[in-house]
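Here is a short tour of a structure, with the cut-offs spelled out along the way. Have the viewer open and follow along.

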Amino acid sequence: MATIQTISMAQGAQGVCDGTPVITVEDVHKSFGAHEVLNGVTLSVSRGETLAVLGRSGTGKSVLLRLIIGLDKPDSGSIRIGGEDIAKLPIHRMAEIRKKIGFLFQHAALYDSLTVAENVAFPLQHHRREMSKSELSDRVKQLLAEVGMDNDLNKMPSDISGGMQKRVGLARALALEPEILLLDEPTSGLDPISSREIDDLILKLQRERKMASIVVTHDLLSAKTIANRLALLDQGSVVVEGSFERLQKSDIGFVREFLKQS
Amino acid sequence: MSDRGQTAAAAIRPQVQGLRATHLSAIVNSATNLISGLFEWFGNLGIFLWQVVRAAVTPPFEWRELIKQLDEVGSKSLPLVALAGSAIGIVISLEARYSLGRFGAKSMFPATLVYSVIQVMGPIITGLVVSGRVGAGIGAELASMKVTEQIDAIEASAINPYRLLAATRILACILMLPLLTLAADACGLFTGWFAQAIVEPLSFHKFIESGFRGATFSAFLPPTFKTAVYGFIIGLIACFQGMRTRGGAEGVGRAATNSVVLASLFLILADVVLVKFILVVFP
């Protein structure tokens, strides 16, 4: 296993971190068949903090997010959300935990048979059944306005660009006012201008909502902009964790090579 | 055989035996893989069914999605089922007139048509048509949702996809198949009578009266309501194939094809069991 350089947590430039871990991942292992994807990952994220997880393709970054939201189960180790080990939770309790987590998928994963507004309304219709139609409509408009998509309510996902789809995905992820935000490659496949717009949007949301966030990305500039702390994964393990400046000072060959190539 | 020939035969004998052993081993391996694959498939189907049943019986119930699926399965299949039922009615009418005429049993025509359509052809034709239209549709739709992570997105939103996607579709198939069968039967009886009436005038009232004379509910209700089992098979297989898809567009195509093929196959196999069951329980 690669040496883990744990470096003191940088004080958030963008948010207020209260130091209480909301997400705690401890010695998590995950394999698919003979292929070991995660090999003892340990990390934690506090309220108001944004952790960027970086690494080469296939190092298990997206798998880590899927484990945190319970779409897959770890082979060993524990994942605690607000102190509860999610691997041991019954289905109904896991559903309650998921309501506190917003998840932006890599390709947005919008429901292609629903309009932009219906996509954002979807979690609200299922979990805020007490909301009237007008309240629901107002809330959807408000959420879409937050991500700058309030002029495209009735468009289908296939009629909008990749960047716009990610904005709608973000609005949907925020619909239930989550305490945790998981973002899987929020800027992948976008042009530099759209990428910076998404970064600005994430920063704005972090300032306003003080969520605990994990951002999986290849985009070092994006990670540097939006995250308080970075963790670099290699061969299924965290090889270095800390502020961007600390990463730059690392003497681990892989870290230096990764920063050089990014 | 010369000494040289015997020596050559002795030399290649172990090679031939080795080849035979290799072939035998390959055949045994293939058979073992096939059997273990079948067990795995049925095991996964059982687990899937358990998850669907568990999700279906616990609130909240997805009434809105169920109504949407009743429309998808029922209303939108109605024209196709009616057309198939009508065609079958005409075919049976033509065949029955010819066959009954040969045996001088033309008076049996109404009863023959009624029993053939309602007990045999109506249910199976409806099942096969719905299997083709709805089975492929559900399989492709869910497979597409699976490969584009939409099903994961539903689960990540704390919504049970087994309840929202599978239970509603399976239930819609179960509820709609008997109603569609009634529609196919009605169309088949009408077109069958019409095909006969063109050749030999026969009032529809007389045709119905004669066809249903002496008929009991148990003669017609079980064959109609057995299609609820067809609906269960179509919905279950299509949802299962769709929600376990892997591999992009190719996987979506495979899921749609497998949904139709397997649902149709299991539907026909189930019919064998159901016909015997009905004959025993409703003699």
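## Helices 4 and 9 of chain B

Helix 4 of chain B (residues 109-147) and helix 9 of chain B (residues 227-243) pack with their axes 8 Å apart, at an angle of about 20°. Helix 4 and helix 9 of chain B are therefore roughly parallel to each other; angles under 35 degrees count as roughly parallel, over 145 as roughly antiparallel, 65 to 115 as roughly perpendicular and the rest as oblique. Axes here are lines fitted to C-alpha atoms, for helices over the stretch in contact, with angles from 0 to 180 degrees between N-to-C directions. The crossing of helix 4 and helix 9 of chain B is right-handed, that is, the near helix is turned clockwise from the far one by less than a right angle. The contact of helix 4 with helix 9 of chain B has twelve nonpolar, nine polar and two charged residues. For these classes, Ala, Val, Leu, Ile, Met, Phe, Trp, Tyr, Cys and Pro count as nonpolar, Asp, Glu, Lys and Arg as charged, and the others, Gly among them, as polar.

This is a predicted model, in which local features need pLDDT of at least 70 and side-chain atom pairs count only at pLDDT 80 or more, while totals for chains, interfaces and linings use all residues. Residues are numbered from 1 along each chain as its sequence is written, and chains are lettered from A and ligands numbered from 1 in the order in which they are written.

## Helices 4 and 7 of chain B

How do the axes of helix 4 and helix 7 of chain B cross? They come within 7 Å and cross at roughly 70°, with helix 7 of chain B spanning residues 204-211. That makes helix 4 of chain B roughly perpendicular to helix 7 of chain B. On helix 4 of chain B the contact involves B:Pro110, B:Ala111, B:Leu113 and B:Val114, and on helix 7 of chain B it involves B:Phe207, B:Ser210 and B:Gly211 (in contact: C-beta atoms, placed from the backbone, within 7 Å). Five of these residues are nonpolar, two are polar and none is charged.

## The sheet of chain A

In chain A, four strands form an open antiparallel sheet in the order 3-2-5-6 (strands pair if DSSP finds at least two bridges between them; strands are DSSP runs of E, at least two residues, and helices runs of H or I, at least four, numbered from the N terminus). Strand 3 (35-46) and strand 6 (84-85) of chain A each have a single partner strand, so one side of each is left without a neighbour in the sheet. Five bridges join strand 2 (residues 21-32) to strand 5 (residues 76-81) of chain A, and A:Thr24 stands opposite A:Arg80.

## Between the chains

Ten residues of chain B are in contact with 14 residues of chain A.

Key: Two residues are in contact if their C-beta atoms, placed from the backbone, lie within 7 Å.
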